[in-house]
Each structure stands twice: as structure tokens, then as C-alpha cells.
Amino acid sequence: MESYKKEFIEFMVESDVLKFGEFTLKSGRKSPFFMNAGAYVTGSQLKRLGEYYAKAIHEHYGDDFDVLFGPAYKGIPLSVTTAIAYSELYGKEVRYCSNRKEVKDHGDTGILLGSKIKDGDKVVIIEDVTTSGKSIEETFPIIKAQGDVEIKGLIVSLNRMERGLSTDASALDEIQSKYGFGANAIVTMEDVVECLYNKECQGKVLIDDKLKAAIDEYYEQYGVK
């Protein structure tokens, strides 16, 4: 496992973003783990988060893109902090862009915040986590409506590696087959288990045998076949 992935998993735990226990998800599934990307709130946390996203984008998509698109609302700070990190880590200027939930009809009009998107632009979409792919359904037509744009791919922080709501494929695989662009994550839940199972993190073992059994049972039921 690349060192930045291990660091990112420890960072999620340290930031209280990745939790273990029993949680009821929006889908109704009862999960032994939960990720809340809204818990990244301080300047240093956001700076590090942008760096991890930048490293993952660089690994999966290289540097041949122009715009980072972060869907409203959680994608807005992600696109901004990652654009800054990209400039610092790789010396490449990429523009940030997000959508508004409502079209603005005065001043800075339209549906977009940040950079405009134009013919020939190559775009990477950045999100916190994708469980069902619903937000891409809303985002994809907005980006495509801006012109002759190539979407290079989607990057999220955690691939939960569970079935989407409509097929037996994972949400990221569903997106890839439906839209034809790559869908990747900084880390997968498999990486998380590998990194934390029976190993100390922040002074305690977070995934012991009991929790590992609960995770295995969850994937028996909801994992990708």
C-alpha cells in the first residue's frame, strides 16, 4: 500500500471522520463503520485533505486536466483545497469549479461558481464519498451542458466497496460503466481493514476480531459479489 494511503487512513481516524460501531445509513443499511467527511473543519485538516486528494488524482489520472469540479455543497471546499495542493505539490495550475443548487440571476450569474468550463476542457470530478451515484446523475448533465468537455474521472476519499442500489456492482463501478469515465478513491475499505486490523492507531486497536467479524458479515450481505 502506498505510504500516502496509510497516512490518509490514520488521518481519517485522527480527524474523527472514520468511526466504528453501529450506524444506520441513509440507505437503511446497518453498518459497522461510518465516514463523515463534514468533520474536516480546521485549516490544517483541509490542507492535508487537499494533499491526499491531489496525490490520488495524480496517481489515477496524471496531470492532463484543467478543472476540478466539486458538486455542491461538500465538493466546494474539496475542489478549492485540492486545487491549491495541486499547485503546491506538482506545480500545475488547475481551476476549481462548483455548481450552485439554485441558478443566480444577478451579479455573477448562472449555475457555476469559480471557473467557467469551456470547449476542450478536461475535468476531474471530486467528491467525499459515493454510495449510490445519485449526485453524479445531477452533476454529469451540468458539466456536459457547458460545452465539448471531456470528463477524465471521478475521485472520492473512500470506496465503501458495497453494492450500488440497482445492481450487484459497486457504486464506483456502476458510474464507470454507465458514464464511461474512471471512478477511483484515495483508499478502499479493504485498505482500511488491512491498515487497522489488530494494529494500534491513535493508541488503540480500532478493528479487533469482533469488529472484523461484523465488517465481514456486512460485506457478506452488501459487498460486491
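These questions and answers cover salt bridges and nonpolar cores in a predicted model.

Reader: How many salt bridges does the structure hold?
Author: The count takes a side-chain nitrogen of Lys or Arg within 4 Å of a carboxyl oxygen of Asp or Glu. On that basis, the number of salt bridges in the structure is 14.

Reader: How far apart are the closest N and O atoms of lysine 122 and aspartate 64?
Author: The two residues form a salt bridge. Their closest N and O atoms lie apart by 2.8 Å.

Reader: How many residues apart in sequence are the parts that lysine 122 and aspartate 64 tie together?
Author: Lysine 122 sits in strand E6, residues 122–126. Aspartate 64 sits in the loop between helix H2 (43–61) and strand E3 (67–70). The pair therefore ties together parts whose separation in sequence is 58 residues.

Reader: Is lysine 122 buried, partly exposed or exposed?
Author: Buried means under 20% relative accessible area, and exposed means over 50%. Lysine 122 has 21% relative accessibility, so it counts as partly exposed.

Reader: What is the class of aspartate 64, buried, partly exposed or exposed?
Author: Its relative accessible area is 42%. The partly exposed class lies between the buried limit of 20% and the exposed limit of 50%. Aspartate 64 is therefore partly exposed.

Reader: Aspartate 121 and lysine 118 meet in a salt bridge. Is aspartate 121 buried or exposed?
Author: The N to O distance in this salt bridge is 3.5 Å. Lysine 118, at 48% relative accessibility, counts as partly exposed. Aspartate 121 has a relative accessible area of 4%, and the buried class is under 20%. Aspartate 121 is therefore buried.

Reader: Which helix holds both lysine 212 and aspartate 216?
Author: These residues form a salt bridge, with the closest N and O atoms 3.0 Å apart. Being 4 residues apart, they are separated by about one helical turn. The helix, residues 209–222, is H7.

Reader: Which residues are linked with Arg29 in a network of salt bridges?
Author: The network links Arg29 to an arginine and a glutamate.

Reader: Which element gives the largest share of the largest nonpolar core?
Author: This core has 48 residues. Those with the most contacts inside it include Phe8, Ile57 and Leu196. The largest share is 7 residues, and it comes from H2.

Reader: How many residues are in the second, separate core?
Author: Leu112, Val156, Ile175 and Ala183 are among its members. The size of this second core is 20 residues.

Note on methods: Residues numbered from 1 in each chain as written. Predicted model: local features only at pLDDT ≥ 70, side-chain atom pairs only at ≥ 80, totals over all residues. Heavy atoms only, no water. Helix = DSSP H or I, 4+ residues; strand = E, 2+ residues; numbered from the N terminus. Buried < 20%, exposed > 50% of the residue type's maximum accessible area, 1.4 Å probe, protein only. Core = buried A, V, L, I, M, F, W, Y, C linked by side-chain atoms within 4.5 Å.
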